[in-house]
Amino acid sequence: MTCDELLIALNEVVDSETALEIYKEFAAHLSNCNPCQVVLDNIRQTITLFQAGQEYHMPPSFQEKYQQIIESKWDEKFHKSKNEKNS
Ligand SMILES: [Zn+2]
């Protein structure tokens, strides 16, 4: 994948209505859920460290859990809407 291809794909994700819905759901959930706020803070710290040129590794247990959450959300959103269109 080239840089251009990545940026095009990223724009599609960011521009899509589904991404906006997911973002809204995340924001709504986060406003009421302390554990997830902690997760978000960890991600923010990771980004800050990354920008500062320091390397930071997430704990494997967190990485695994986070990936599962993202994947299940993704499946829920995209596969559900795809099935609705096809049926
Ligand atoms: Zn939560």
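How many residues does helix H2 have, and how far does H2 reach from its first C-alpha to its last? Helix H2 (residues 17–32) has 16 residues and reaches 23 Å between these atoms, close to the 22 Å expected at 1.5 Å a residue; the expected span is 1.5 Å times one less than the number of residues. The model is predicted, with local features requiring pLDDT of at least 70 and side-chain atom pairs counted only at pLDDT 80 or more, while totals for chains, interfaces and linings use all residues. Residues are numbered from 1 along each chain as its sequence is written.

The secondary structure of the chain comprises four helices and zero strands, where helices (H or I, at least four residues) and strands (E, at least two) are DSSP runs numbered from the N terminus. Mean pLDDT, the predictor's confidence in each residue from 0 to 100, is 78 for the chain, and 85% of its residues reach 70 or more. Among the elements, helix H3 (residues 34–51) has the highest mean pLDDT (83) and helix H4 (residues 60–86) the lowest (75).

The 18 residues of H3 should span 26 Å, which agrees with the 26 Å between its end C-alpha atoms. Gly53, which follows H3, has a positive phi near 85°.

A residue is buried if 20 or more other C-beta atoms, placed from the backbone, lie within 10 Å of its own, exposed if 12 or fewer, and partly exposed in between. Buried residues make up 0% of the 87 residues in the chain. The number buried in H3 is zero, so H3 lies largely in the open.
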